[in-house]
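Me: Please show me the model, and then let us go through it together, one question at a time.

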Amino acid sequence: MTWLRGLIQYSVWESLRMALGAMWAHKLRAALTLLGVMIGVMTIISTMTVLGGIKHSITTSMQNSLAVNVFQVQRYDDNGGGIHMGPRQRQRRPEIEPEYADVIRERCPSVRAVGVEAWEFGYTLRRGSLESNPSQQIAGGSAEFAFNNGYNLALGRPITQQDIAADRDVIVLGWAAYKKLFDRLSPLGNFVRVAGHKFEVIGVFEERGSLLGESKDNDNWIPISAWFRVFGDRSVNLTVQAWSGGVFDQAQQEVIEAMRSVRGLKPGQKNNFAMWTPDMVQNQFNQMTAVVGIAAFGICAISLLVAGIGIMNIMLVSVTERTREIGLRKALGGTRSSILRQFLIEAFMLSQVGGLVGIMLGYIVAAVINNQLHFPAPIPIWAVSLAVIFCSVIGIGFGMWPAIKAARLDPIEALRYE
């Protein structure tokens, strides 16, 4: 059987050579035919790569946004800050008071720690003539702030209950402000200005990185008492940590009951506060990426369908142009199967070349987006495999009819064709 295997290999190689020669002889026509394949594959590769990178970044960020077994109680839900609510509904929703933390501590045995925090965004920290970037975030927090939010200190000490009780003007800097204002120098004991007020630096957070271009190193922490004095009283968020993952759901239920009790809500009335966990954001994002992925597959399928029709059309033209060649091959002993194989390989090669170029373009598009948004975006192997399979099915499926038509040509009629 060695001679048969060698004959088959030679025949396939000869068919590949002839297919590539036919494509090279009609480069522009082949390129235009492959355009749909390239667009379809590029769309699916770039979309899946970017979505994978965003998903990885968000997952990592969510894991780092709060400590383990921590959830938040806040005034509005996380759906765009409550923008789905009407203005009157937003105004009627009561604020979260700092005193609620004491209620939760007293009534919720599954809760280990409760923190109080409030935020201001878009500030510039100053030290003499030096200025930080203007995107600094100022968090007013209780002593549990760092613990509940998963911050670690690179230098100094955290803010304590004594700092809050004494209303001290002290600050723990984020890594970005520290690098800008104190690069290579110890900041401890020095002063920075925040919103016109002087704060003594007592610590520095460890570097945390960025999410979709938003630096997590812009977060700075001052006592919640000083924050109210500088920025005014307003609704706060409560960060609640359960004793363990085993009582995480129970802790949430206890907090809900405590909040409903302190708010005086009757049975049947909706909660007028919101709960937030990293899993909720992750689930929302997974639903969004699923919809985007389905849409991308739809665009890819339409592009490949159009490309398949183009391949079938160009192969029918090729059969017509090479009718005399087909007749000559049959007159010299060529079989139907060899003619069928020749045209199928040519259609297959057309789709594969288009798919290869599409994969390269998809990689380039994903690399450009990755460079702009600063997140890792490796091309998923399954997307590449799926693209190759789609291209193969398109090439063989839409190339079948032209190949059958060529194989069925009568050699005498084909030789007479003008």
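Me: Is the crossing of helix 4 and helix 9 left-handed or right-handed?

Reply: Helix 4 passes helix 9 in a right-handed crossing. The rule is that a crossing is left-handed if the near helix is turned anticlockwise from the far one by less than a right angle, and right-handed if clockwise. Helices (H or I, at least four residues) and strands (E, at least two) are DSSP runs, numbered from the N terminus. By that rule, the hand of helix 4 on helix 9 is right-handed.

Me: What kind of model is this, and from which number are residues counted along each chain?

Reply: This is a predicted model, where local features need pLDDT of at least 70 and side-chain atom pairs count only at pLDDT 80 or more, while totals for chains, interfaces and linings use all residues. Side-chain values use heavy atoms, with hydrogens and water left out, and along each chain, as its sequence is written, residues are numbered from 1.

Me: How many charged residues does the contact of helix 4 with helix 9 have?

Reply: On helix 4, Tyr100, Val103, Ile104 and Arg107 meet Val255, Ala258, Met259, Ser261, Val262 and Arg263 of helix 9, contact meaning heavy atoms within 4.5 Å. By class, this contact of helix 4 with helix 9 has seven nonpolar residues, one polar and two charged. Ala, Val, Leu, Ile, Met, Phe, Trp, Tyr, Cys and Pro count as nonpolar, Asp, Glu, Lys and Arg as charged, and the others, Gly among them, as polar. The number of charged residues is two.

Me: What separates the C-alpha atoms of Arg107 and Val255?

Reply: Arg107 lies in helix 4, and apart from residues up to four places away in sequence it touches Ala258, Ser261 and Val262. At 46% relative accessibility, Arg107 counts as partly exposed (buried is under 20% relative accessible area, exposed over 50%, partly exposed in between, with a 1.4 Å probe and protein chains only). Arg107 and Val255 are 148 residues apart along the chain, and their C-alpha atoms are separated by 8.1 Å.

Me: With which side chain does Glu117 make a polar contact of 3.1 Å?

Reply: Glu117, in strand 2 (residues 111–123), counts as buried because its relative accessibility is 2%. A polar contact is a pair of N or O atoms within 3.5 Å; within protein, one must be able to donate a hydrogen and the other to accept it, and residues adjacent in sequence count only if both atoms are side-chain atoms. The 3.1 Å contact of Glu117 is with the side chain of Trp119.

Me: How many of the eight residues of helix 8 are buried?

Reply: Helix 8 (residues 224–231) is largely enclosed by the rest of the structure. What covers its buried residues includes strand 2, strand 5 (136–141), helix 6 (161–165), strand 9 (197–205) and strand 12 (219–223). The buried residues are Ile224, Ser225, Ala226, Trp227, Phe228, Val230 and Phe231. Of the eight residues in helix 8, the buried ones number seven.

Me: What is the relative accessible area of Thr277?

Reply: Thr277 is found in the loop between strand 14 (274–276) and helix 10 (278–321). Leaving out residues up to four places away in sequence, Thr277 touches Phe71, Phe248 and Gln252. Thr277 is buried, and its relative accessible area is 7%.

Me: What separates the C-alpha atoms of Val292 and Met48?

Reply: Val292 has its place in helix 10 and is partly exposed, with a relative accessible area of 34%. Val292 touches Thr47 and Leu51, not counting residues up to four places away in sequence. Val292 and Met48 are 244 residues apart along the chain, with their C-alpha atoms separated by 9.2 Å.
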